[in-house]
Amino acid sequence: MVVGELNVDIILNGIQGFPELEKEKIAESMTISLGSSSAIMAANSSVLGTATSFCGITGDDSFGKFLIDELRSKGVDTQYISKWKDHKTGATIVMNYGIERANISYCGTMEFLTMEAIPWKELGSFDHLHISSIFLQKGLRKDIGTILKRAKDKGLTTSLDIQWDPEEKWDFNYRECLPLVDVFLPNKKELLALTQSPDIETGLDQLKAHGNWIAIKLGEEGSMGYADGKTIRCPAYKNPEYVDSIGAGDSFNAAFIKKFLSGAEPRECLEYGNLMGALNTSSVGGTGAFESLEGVRQKVKSLFNFKT
Ligand SMILES: Nc1ncnc2c1ncn2[C@@H]1O[C@H](COP(=O)(O)OP(=O)(O)O)[C@@H](O)[C@H]1O
Ligand SMILES: [Mg+2]
C-alpha cells in the first residue's frame, strides 16, 4: 500500500535558455506524465511485479482522471483514491536542463490528504506500507508517527522516503519515527539537510541509532546502505542512453522494496535499486522506462547486460 500525493508532470526538454520575466522561451519537446514520488513508486512497483494499491486524492478534473488512468494502466489498484470537488489536482512544470532541472509545483489536493483517508480496516490485509514526500503533504505529515505506529501494530513492514523539504525547515522527528520505519530511503542531499551533517558518514552516524535499514541514494554514484550494523556501498550502473533522472529515486525505491519483501539481503536490494534507478534514467519522466515487466527485462539486458 502506497499512501501519498498525486500530481501531473509537465516535462519540457531542450529549452532554449532560462526563464526570464516578460520574455518567452521555446522548448523542443514536452511530455505529460504521471508525476509525484509516491505515484511513480507505486506504478513502477506494480510493473516490477509487486501487487500495489494506492491511497490518495485528486481533484475532480481531467488531470485527476489522467493520473488514475495511468496508474490503472500499470496495474495499480486505485479503489482507495478519492476525487475532491473543492480543489484541483496539482501539477509540476519540470524544466530540464541536461542532468539538472528546475521544478515549479502547484500542490493542489496533495495538501489535503489526511490519515482518515487510509483504509484502516483493510490495512491489516496488506504486507507493506510506503510513504513519500512528507513535506508536500501537510495533512499527512502531522500524523506520520501515528500512521507508522498503527501500520506496524497491524503487522505491516514500512518504508519512508521523505523527499526534499521546499521550505528547508526539515521538521521531521527522525529519532521518534525511524524506529517505526523498516527501510528509510533518503537521497544524499536530503540526508545531509535532515541531519545537518557535512558528509554522508556523519549523517548516517546520526541515523544509525534510530533506524533499521537505511538506503541512501547517490545519483550517478549509486547508493549506500546500512543494515544489521554494516555499511555497504554499491556503484551505479553506467547508462549509455541517459535522458533525465526524474523519478530515479522512486524507481530505486520500487525495486528495493520488491527485493526487501522477497526477503533478500541488503546488498541485493541496493543492487536492484541501482539497476532500476539507472533504467529510469533511459526514458523521459519517472515511468517511461516501466511499461511492462518484459520490456524492463529486455531493456536492462540491452543497456546493462543484466539478465533476470
Ligand atoms: N545518472 C545516473 N546514472 C546511473 N544511475 C543513476 C543515475 N542517476 C540516478 N541513478 C540511480 O538511481 C538512484 C536514485 O537516483 P537519485 O538521483 O540519487 O535519487 P533521487 O531521485 O531521490 O534524487 C541512484 O541511487 C542510482 O542508483
Ligand atoms: Mg527522491
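In helix H9, the buried residues are Ala248, Asp250, Ser251, Phe252, Asn253, Ala254, Ala255, Phe256, Ile257, Lys259 and Phe260. That makes 11 of the 14 residues of H9 buried, and the helix is mostly covered. The model is predicted.

**Helix H9**
- The end C-alpha atoms of H9 are 20 Å apart, which agrees with the 20 Å that its 14 residues should span at 1.5 Å a residue.
- Just after H9 comes Gly263, with a positive phi of about 90°.

**Helix H10**
- H10 covers residues 266-280, 15 residues in total. From first C-alpha to last it reaches 21 Å, close to the 21 Å expected at 1.5 Å a residue.
- Because 12 of its 15 residues are buried, H10 is largely enclosed by the rest of the structure.
- The buried residues of H10 are Pro266, Cys269, Leu270, Tyr272, Gly273, Asn274, Leu275, Met276, Gly277, Ala278, Leu279 and Asn280.
- The cover over these buried residues includes helices H1 (37-47), H9 (248-261) and H11 (293-304), together with strands E11 (213-217), E12 (223-227) and E13 (230-234).

**The sheet**
- Nine strands form an open sheet with mixed pairing, in the order E5-E4-E1-E8-E9-E10-E11-E12-E13.
- Its edge strands are E5 (77-84) and E13, each of which pairs on one side only.
- E13 pairs with E12 in the antiparallel sense, over five bridges.
- Thr231 in E13 is the bridge partner of Tyr226.

**The largest pocket**
- The largest pocket holds about 1900 Å³ of space.
- Its lining has 50 residues, and those nearest the centre are Arg101, Asn187, Ser245, Ile246 and Gly247.
- Elements giving two or more residues to this lining are strands E2 (7-15), E6 (89-97) and E7 (100-108), and helices H1, H7 (188-195), H9 and H10.
- E7 gives the most to the lining, with seven residues.
- By class, the lining of the largest pocket has 18 nonpolar, 19 polar and 13 charged residues.

**The second largest pocket**
- The second largest pocket has a volume of about 180 Å³.
- Of the 14 residues that line the second largest pocket, Met1, Thr50, Ala51, His128 and Leu261 lie nearest its centre.
- H1, strand E8 (128-132) and H9 each give two or more residues to the lining of this pocket.
- The lining of the second largest pocket has seven nonpolar residues, six polar and one charged.

Key. Residues numbered from 1 in each chain as written. Chains lettered and ligands numbered in written order. Predicted model: local features only at pLDDT ≥ 70, side-chain atom pairs only at ≥ 80, totals over all residues. Heavy atoms only, no water. Helix = DSSP H or I, 4+ residues; strand = E, 2+ residues; numbered from the N terminus. Expected span 1.5 Å × (residues − 1). Buried < 20%, exposed > 50% of the residue type's maximum accessible area, 1.4 Å probe, protein only. Contact = heavy atoms within 4.5 Å. Pairing = 2+ DSSP bridges. 1 Å grid on protein atoms, 1.4 Å probe; cavity = no way out; pocket = protein on both sides within 12 Å on 5 of 7 lines; lining within 4 Å. Points joined across faces, edges and corners; volume = space filled by probe spheres on them. Nonpolar A, V, L, I, M, F, W, Y, C, P; charged D, E, K, R; others polar.
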